[in-house]
Amino acid sequence: MWVEWHIALKFLRESGAQTLLIVIGIAVGTSVIVFITALITGLQDNLIERTLGTQAHIKVQPPDEINLTVTPPGNPALLTLEDRRAQRLHSILSWQDVVATLDGLPGVKAVSPVVAGPAFGVRGVAVKSVAVLGIDPVRYQRIIPLSKYLVAGSLRVGAGDTLIGRKLADDLGIRIGDKLRLEASGGRTAVLNVTGIFQLGVSELDTRYVYLDLKQAQSLLDLPGGVTVIDITIDDIFAAETYAARIARLTGLKAESWIETNAQLVNGLRSQSLSTVMISVFVAISVAFGIASVLAVSVVQRTREIGILRAMGGPRRQIQRVFLLQGGVLGLAGSTAGAAAGYGLVWIFNTFGPGLFYIPVAPALIPGAMAIATLVGVVAAAAPARRAARLDPVVAIRYV
Amino acid sequence: MSEPATPDTEVLRLVGLRKSYGVGTPVETEVLHGTDLILAQRDFAALIGPSGSGKSTLLNLLGLLDTPTDGEIYLLGQPTREMDDDARTALRGSTIGFVFQFHHLLPAFTALENVLLPRMLTHGRPRPDDIALASRLLADVGLAEFTDRKPSNLSGGQQQRVAIARALMTRPRLLLADEPTGNLDTVTAASVFALFRRINRDYGCAVLVVTHDPRLSGTCDRTIELVDGRIVSDTRHSPDAPLAAA
């Protein structure tokens, strides 16, 4: 292969301007692919992080209560007209066992039992409807890192303590250390000491979420010892649906993944990924055509030289490899410059851009883009290389 | 070459060689009509004839650049007609040296690299003794000072001498030259012919030169005349007084 390399590099160096132009062309294409891929990946990571920052990957809930119909003996034809049962708040049966089972499941990062239900937050004459969430702070932190969202006070959810959202606090005029009265159904009430104010960044949650100690919430919602939801996070977020299905089978409970709850977001992300792939593919195709046309011209320009090489004892395969190598070298050189430029664009975006989010460059992106561009170069060179190899030396030598 | 070569060893034998162009089309034309020819190791022969007589066709055939329509070419006793392209290319690379009318050097390569080219094509990266041989050949053709020049920085005569050195790189048994002096002035042309004679004598290499110039063909030992695809005369003679080399 040494001689093929030697000749290929000499040829490329000799046709300087031509080589430079196509390398720039490939570089532009590669930088577009690198930048847009990094941008979209960054954007999607950011969206997912924001979405999943305030919700569990999988929520496990008790199955809906249904009417059971007793079939009378003798199998008579039976027509029933029934209304769906109103779903009261009820606990997951023997949730401790379920939590223990889920804890031991491979791929599951964190499991947190929660009791959740409706209540009113009352302060003076102001009344706000709120969602009461009774949590085990240590476990819950691993699902939603509350401490990250805390804007005032401290993360303390003991008996008689509560954390409330920023908007609720504003609406009720509450500051750290103030009292908040919660009224649940059935006339059960609790007066709590506000120890922390958080801002999740989702207005709905910041208006309604009130975090309590698990036991206190259980008694407020009249579910002593019970939990209504088990929150789960897993390692591979995109496998959430598979995990949800597995957990549902395993526990006989209802398991809902974030993909199901955020169907629109996921659909949007998928379309975005698809359009990124399409852009990359079309850019790669135009780069391939660029390389192919430059090499096709080069074969014509070098017809006589190819004839000489053949007359001097160079076999067809050698000539073919010379042109394949040129394609590969063009792809590699162009993509090296392009990857650097793409990286530069990402850096500029991160440093001087609007600062809405940070674009990380995946470690595999740059070598991947370079490998693909090199391969594209070799593939694009296939047709010109075959033509070069097929030249008849007699005709080629006399070519002027 | 491994086999012992004497001046009378046969290098090339053509038997009933025919070549037609446009075979199978209405314009099929036969250019060579059954040519027989033997070249021996010591031959320094000129191939002459008017334009269109088939000189270049014949040269391409016996240089294994082209295949005959009928007949056989024996190169060092080996029949070549049934060989595939790779085998022909390999045999061509190892036994035949070419010199063309327009030097045909690769412009991107220096004189030394152009001389090394046939060796690189068949053996890859040149070894120190290859480089030594190439330098010696360049010195032999009077270009010791020009090894690192690109062809564009050499005169026409110098370029042609690089091409001759390149043709000798594989230590060929047969040197084929197609109008090698066609675009050189007479003095330079004479020096090139003097160089061919020296190659023929010193390297023990048969030389066949296509030329138009009767003064130059007169310096050869043998003159083969081709007219309308037939050899009409094949004379051996002692060379005229050699033309003064420049």
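Predicted model: local features only at pLDDT ≥ 70, side-chain atom pairs only at ≥ 80, totals over all residues.
β6(B) and β7(B) (residues 174-178) run parallel and are joined by 4 bridges; strands here are DSSP E runs of at least two residues, helices are H or I runs of at least four, and both are numbered from the N terminus. Two strands count as paired if DSSP finds at least two bridges between them. The two belong to an open, mixed sheet of 6 strands in chain B, ordered β6-β7-β8-β3-β9-β10. β6 (96-99) and β10 (230-236) sit at the edges, each pairing on one side only. On average, neighbouring strands of this sheet are turned by 15° against each other, direction ignored. Axes are lines fitted to C-alpha atoms, for helices over the stretch in contact, and angles run from 0 to 180 degrees between N-to-C directions.

Two helices turn up on this sheet. α1(B) packs on it, touching β3 (44-48), β6, β7, β8 (206-210) and β9 (222-227), with its direction at about 150° to that of β7(B). Contact means heavy atoms within 4.5 Å. Helix α6(B) (residues 186-202) lies across β3, β6, β7 and β8, running at about 155° to β8(B).

Chain B also has an open sheet of 4 strands, antiparallel and ordered β2-β1-β4-β5. Its edges are β2 (29-40) and β5 (78-79). Strand β4(B) (residues 70-75) is linked to β5(B) by 2 bridges, and B:Y74 stands opposite B:P79. α1(B) packs on this sheet as well, touching β1 (10-21), β2 and β4 at about 125° to the direction of β1(B).

As for the interface, 29 residues of chain B are in contact with 24 of chain A. The chains bury about 2500 Å² between them, 63% of it on carbon and sulfur atoms; buried area is the accessible area (1.4 Å probe) that two parts lose on being put together, summed over both. There are 4 salt bridges between the chains, a salt bridge being a side-chain nitrogen of Lys or Arg within 4 Å of a carboxyl oxygen of Asp or Glu. One of them joins A:K10 to B:E113, with the closest N and O atoms 2.9 Å apart. On the chain B side, α1 (55-62), α2 (85-95) and α3 (111-123) each supply at least two residues, and α3(B) gives the most, with 6.

Technical notes: Residues numbered from 1 in each chain as written. Chains lettered and ligands numbered in written order. Heavy atoms only, no water.
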